[in-house]
Every structure is written in structure tokens, then in C-alpha cells.
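Hi,

Here is the structure I promised to pass on. Have a look at it, and my notes follow below.

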Amino acid sequence: MQQAAPVKRFSTPVSVQAIVIDLDGTLLHTVPELAGAANCMLREMGYPPVSQELLASYIGNGIGWLVKRALTGEMHATPDAALYEHALPIFQKHYSDLLLVSKPYDGAIEGLDAMRAAGFRLGCITNKAARFTGPLLEGPGLAKYFDIVVSGDTLPEKKPHPLPLQY
């Protein structure tokens, strides 16, 4: 009769003391508001609206890239600089109006409570500018969970660069 192999226990080289969490698409469902602001911007500039699904695929790497992608319809294209400089504040205005409609995902607050109860310190790292990050965390009561918040304009580099995590 063959004996079962003993269960191998794994250990980490360092103990985990903190957990860092993203904001958009992780804690908060922000796609409708980001897409809505992009479509308001496009309409105001005389462009046709774009589907929420397509705009959702453009989200990532910060609002600047979302605006560029919405204007060009491409992931890596750069619009004319003057067009972009005109469009960005229009997007920001509309996004400011829609910002606080965003809601936490089901279970997000319970997850934060559980991590805090387990003794973890929490941080939030996002590519979103601080002018939007603060209200988004304050509105649904998420700000109290985080010992540190690093926004897209806190440091000279943003995700996926390692600097925000190193900070």
C-alpha cells in the first residue's frame, strides 16, 4: 500500500502586512460614468456617440488615454494635439458631473472590512487623477479604509510603472 505524499506547506519570504488595491473596475463600477462622460464630450464636439462596450475597452492607463481613444477610435493612436487639448477639459467637466454615481461592486465593502479585520493595512493605487480619486473614495465611504492613496498624478510615473507600488 502506497502512502499519500505529505502536504507541502508554502511560506512567503516576507510576511504580508499590506494590500494594495486598484479603484476602477476593482472596487468601483465606473464604466457607465466614464463612458457617459466620453459620449457627452463626443456629442458636445459634434462627434457621434460610441457604444458603452467599445468605450469600456478603451478604459485603462488613465483618463488621457480614454479621451485619445474616444477621439480616434483606436487604442494607440494620438489625435491632433489641439483637438486633444480642447477635448480633455470637456471630458473632465462631464466626468465631474457623473463621478459620484459610481457604486462599489457587490462585496467590495465587506472585503475591505475583512482585510482590515485581519490586520492588513490597505492602499489604493489608481491612474485616476487625485481630483477624481478623492471624491470617488469619499462618496461611498471607502476613503476610511486606506492608509495611503496614490493617484495617477501623485508621482511622475503611473501604473503599470512600478514606482506607484514602490512608493
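On aromatic pairs, the count comes to 2, taking rings of Phe, Tyr and Trp (its six-membered ring) as paired if their centres lie within 6.5 Å. The rings of F91 and Y95 have centres 5.8 Å apart and planes at 25°, so this pair is stacked (planes under 30 degrees apart; over 60 is edge-to-face and the rest tilted). F91 and Y95 sit 4 residues apart in helix α4, about one turn, and both are buried (under 20% relative accessible area, with a 1.4 Å probe and protein chains only). Ring pairs also bring in F132, giving a cluster of F91, Y95 and F132.

Bear in mind that this is a predicted model: local features need pLDDT of at least 70, side-chain atom pairs count only at pLDDT 80 or more, and totals for chains, interfaces and linings use all residues. Residues are numbered from 1 along each chain as its sequence is written, and side-chain values use heavy atoms, leaving out hydrogens and water.

Now the helices (DSSP runs of H or I, at least four residues, numbered from the N terminus). The axes of α1 (residues 31–44) and α4 (residues 81–98) come within 8 Å and cross at roughly 135°.

Which residues in α4 does α1 meet? They are A87, I90, F91, K93, H94, Y95 and L98, with contact meaning heavy atoms within 4.5 Å. On the α1 side, the residues include L34, A37 and M41.

Cheers

Key: Axes fitted to C-alpha atoms, helices over the stretch in contact; angles between N-to-C directions. Helix = DSSP H or I, 4+ residues; strand = E, 2+ residues; numbered from the N terminus. Buried < 20%, exposed > 50% of the residue type's maximum accessible area, 1.4 Å probe, protein only.
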